Amino acid sequence: MNPNKPTLTYIPIPNIETHTEIEPTHFNLRSTRHRKPIWATQPGSGFACVSVTAKRGEFEREFEPSSAQLLQHPLALVGLIPKDAALFAAGAIAGAAAKTVTAPLDRIKLLMQTHGVRVGQESAKKAIGFFEAITMVGKEEGIKGYWKGNLPQVIRIIPYSAVQLCSYEIYKKLFRGKDDELSVLGRLAAGACAGMTSTLVTYPLDVLRLRLAVEPGYRTMSQVALGMLREEGIASFYNGLAPSLISIAPYIAVNFCIFDLVKKSLPEKYQKRPETSLVTALMSATLATLTCYPLDTVRRQMQMRGTPYNTVLDAIPGIIARDGLIGLYRGFVPNCLKNLPNSSIRLTTFDTVKSLIAASEKEYQRIVEENRRKAKLGSESAN
């Protein structure tokens, strides 16, 4: 062995659980910097001691809460669920509930947005009013008609909402600066990426839901899907994807960014209150909807069968020429009535569940620490 090179020797310690059997051994260490290593600068024998500890979770198994403790402290039960799984489930449930409650308004909005394309250029009446659309659906299809297309919407919104909310948390970590702080630009980028990720994953279901909601003759998702494949090809499932990505990116970016920034600017005692989340979510959703709604109208008209538009640049002047500037905001009122509570429910529920998860983790750790103290006192009294 070269005496001029430092050597690290390690041996297994009794009563410490390891993943693999470790035999007493040694190996040479090399300096990775172009400067004199610290062990060569210290006077004496050239001996150094390195202390290594395992991750906290390695020792927690011994002090895990018992079944009786979990029954006494049910909040700690949530701590057993992996955090990512809990956040995914929270986003999915919140999204499904919000969409089902607001489904009638969503159907009315879609009918108003696509009326001009559906009736064709020969019709003198190229627009349909809010109350007229409500009455028309009730007369022609009954109460169930207001929820037509809701099943594919719920099927879509479960992964959509879950992916969007969870990926936003992941993107926020990716866009943190060197000081581990997230700038306004970083929040906007995280929101935009989260919106585009969730849209890309679930877009075919969004097209199916639109066709089922506004085109006559279809009764089930399978009929719509088979008809589209047979008559228009697989590419029809991605009609309007470009304006969807363009519209969702700024919408989610503005929505999530304003929500985070307003919550962060409030005094700490108000930040964790559900009503604070609700009001903040309403404010952020309103500003985001007002800014990005025209692109949503373009997207819907490009998704229609027989649409005259191939690109966003075709659609915007075409809609304005046919319906005027107001045509870009057709269905804005029912969209606001639908979207504001929808977005508020999602963000508020997700924010509340995040607080619940944090509280459950603290409760779980408190029980672990308590069990550890009791075990330590027991061993000391036995000695």
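This is a predicted model: local features need pLDDT of at least 70, side-chain atom pairs count only at pLDDT 80 or more; totals for chains, interfaces and linings use all residues.
**Entry 1**

I then asked which aromatic pairs the whole structure holds, and the search returned 6 of them. In one of these, Y238 pairs with Y203; the ring centres are 6.3 Å apart and the planes stand at 20 degrees. I recorded the pair as stacked because its angle falls under 30 degrees.

I next noted where the two partners sit. Y203 belongs to helix α9 (residues 184-214), whereas Y238 lies in the loop between α10 (221-231) and α11 (241-265). The pair thus links distant parts of the chain, 35 residues apart. Is Y203 buried or exposed? I found Y203 buried, because its relative accessible area is 1%, under the limit of 20%.

**Entry 1: Other rings**

I also looked for rings joined into a group. Y293, Y329 and F332 form a cluster through ring pairs.

**Entry 2: The cores**

The largest nonpolar core has 27 residues, and Y251, F256 and L347 touch the most other members. Which helices each supply at least two residues of this core? I listed α5 (83-101), α8, α9, α11, α13 (274-303) and α15 (332-382).

I then checked L347 on its own. Leaving aside residues up to four places away in sequence, L347 touches L165, N255, F256, F259, A281 and S284. I set a general remark beside these entries: in soluble globular proteins, nonpolar side chains tend to be buried together.

I170 is found in helix α8, which spans residues 150-174. I counted I170 as exposed because its relative accessibility is 52%, over the limit of 50%.

**Entry 3: The whole protein**

The secondary structure comprises 15 helices and 2 strands. Of the 383 residues, 40% count as buried. The accessible surface is about 22000 Å², and carbon and sulfur atoms account for 63% of that area. Among contacts between residues at least 6 apart in sequence, I noted that 73% join residues at least 24 apart.

Methods: Residues are numbered from 1 along each chain as its sequence is written. Side-chain values use heavy atoms; hydrogens and water are left out. Helices (H or I, at least four residues) and strands (E, at least two) are DSSP runs, numbered from the N terminus. Buried means under 20% relative accessible area, exposed over 50%, partly exposed in between (1.4 Å probe, protein chains only). Contact means heavy atoms within 4.5 Å. Accessible areas come from the Shrake-Rupley method with a 1.4 Å probe; for residues, only the protein chains shown count as cover. Rings of Phe, Tyr and Trp (its six-membered ring) pair if their centres lie within 6.5 Å; planes under 30 degrees apart count as stacked, over 60 as edge-to-face and the rest as tilted. A nonpolar core is a set of buried Ala, Val, Leu, Ile, Met, Phe, Trp, Tyr and Cys residues joined through side-chain atoms within 4.5 Å.
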